[in-house]
Amino acid sequence: MIHTYIKVYLLKNIVGLLVLTMFFSCEEAAKKSADSQEKIPNGETYNFRLIYTDSTKVRTVLESALNKDFSTQKFPYTEFPKGLVLKLYDEQAHENIIKARYGIYYLPTQMVQLRDSVEIITYDGKVLKTSELFWQANTDWVFTEQPFEYIDSLQGSITKGIGMDFDKRFTHLKAHKITGIIPVKE
């Protein structure tokens, strides 16, 4: 009889421990899934090409091997994980090109972040190279806090430094820490 009592007691404890373990493991899994939202895009577009026109004139051409749309997230964004090429055209149809191996556009703040081999090439021979670049779309202001190289072939200058900001036309440049050859007009 004592032997049967011990078996029943052990069986109840083992079952209780199993139920308790399963309860806590399920609770931990539920907590993990609630804390970490899996980012699933609304859509993916391969060999993406977007042409923006205004008054029958092409203003912008955006090309990317892959575009992921996350516009239903709490903080919506559009991602270009395989890079992008952006061609911008002004009133005189001058072409300016922006290239990056990765890009992301945050919809609520209208902030564009470009990373990995970012390069801007203007129609008049100016080239900016950096590892990361931000563009505030609503103010048309561009900036980086990373090392950069700015080449102005018209003036024959190569400027290197860390951190710079400028308007989208390269007319108001402010380099934070600079080195290199900077021509000065007298």
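The predicted model holds five aromatic pairs, a pair being two rings of Phe, Tyr or Trp (its six-membered ring) with centres within 6.5 Å; planes under 30 degrees apart count as stacked, over 60 as edge-to-face and the rest as tilted. The ring centres of Phe75 and Tyr106 are 5.7 Å apart and the planes stand at 45 degrees, so this pair is tilted. Phe75 lies in the loop between β2 (57–70) and β3, and Tyr106, 31 residues away, lies in strand β6; strands (E, at least two residues) and helices (H or I, at least four) are DSSP runs numbered from the N terminus. Phe75 is partly exposed at 42% relative accessibility, and Tyr106 is partly exposed at 22%. Here buried means under 20% relative accessible area, exposed over 50%, and partly exposed in between (1.4 Å probe, protein chains only). Tyr77 and Tyr106 form another tilted pair, with 6.3 Å from centre to centre and 50 degrees between the planes. Tyr77 is in strand β3 and Tyr106 in strand β6, so this pair ties together parts 29 residues apart in sequence. Tyr77 is buried, at 12% relative accessible area. One aromatic cluster is formed by Phe70, Phe75, Tyr77 and Tyr106.

Residues are numbered from 1 along each chain as its sequence is written. As the model is predicted, local features need pLDDT of at least 70 and side-chain atom pairs count only at pLDDT 80 or more, while totals for chains, interfaces and linings use all residues; side-chain values use heavy atoms, without hydrogens and water.

Strands β3 (residues 77–80) and β6 (residues 102–106) run antiparallel and are joined by four bridges; strands pair if DSSP finds at least two bridges between them. In this pairing Phe80 is opposite Gly103 of β6. Five bridges join β6 to β7, also in antiparallel fashion, with Tyr105 opposite Val112 of β7. The two strands β6 and β7 make a hairpin with four residues between them, and Gln110 in the turn has a positive phi of about 55 degrees. Gln110 is 28 residues from Asn138 in sequence, with 6.4 Å between their C-alpha atoms.

Asn138 is located in the loop between β8 (126–136) and β9 (141–152) and is exposed, with a relative accessible area of 51%. Its side chain makes a polar contact of 2.8 Å with the side chain of Gln136. A polar contact is a pair of N or O atoms within 3.5 Å; within protein, one must be able to donate a hydrogen and the other to accept it, and residues adjacent in sequence count only if both atoms are side-chain atoms.

The largest nonpolar core has 18 residues, where a core is a set of buried Ala, Val, Leu, Ile, Met, Phe, Trp, Tyr and Cys residues joined through side-chain atoms within 4.5 Å. At least two residues each come from β4, β5, β7 (111–121), β8, β9 and β10 (157–167). Strand β7 gives the largest share, four residues. Leu114 is among the residues with the most contacts inside the core. Beyond four places in sequence, Leu114 touches residues including Leu84, Ile98 and Leu133, contact meaning heavy atoms within 4.5 Å.

Asp90, in the loop between β4 (84–89) and β5 (95–100), is buried at 19% relative accessible area. A polar atom of its side chain lies 2.8 Å from the backbone nitrogen of His94.
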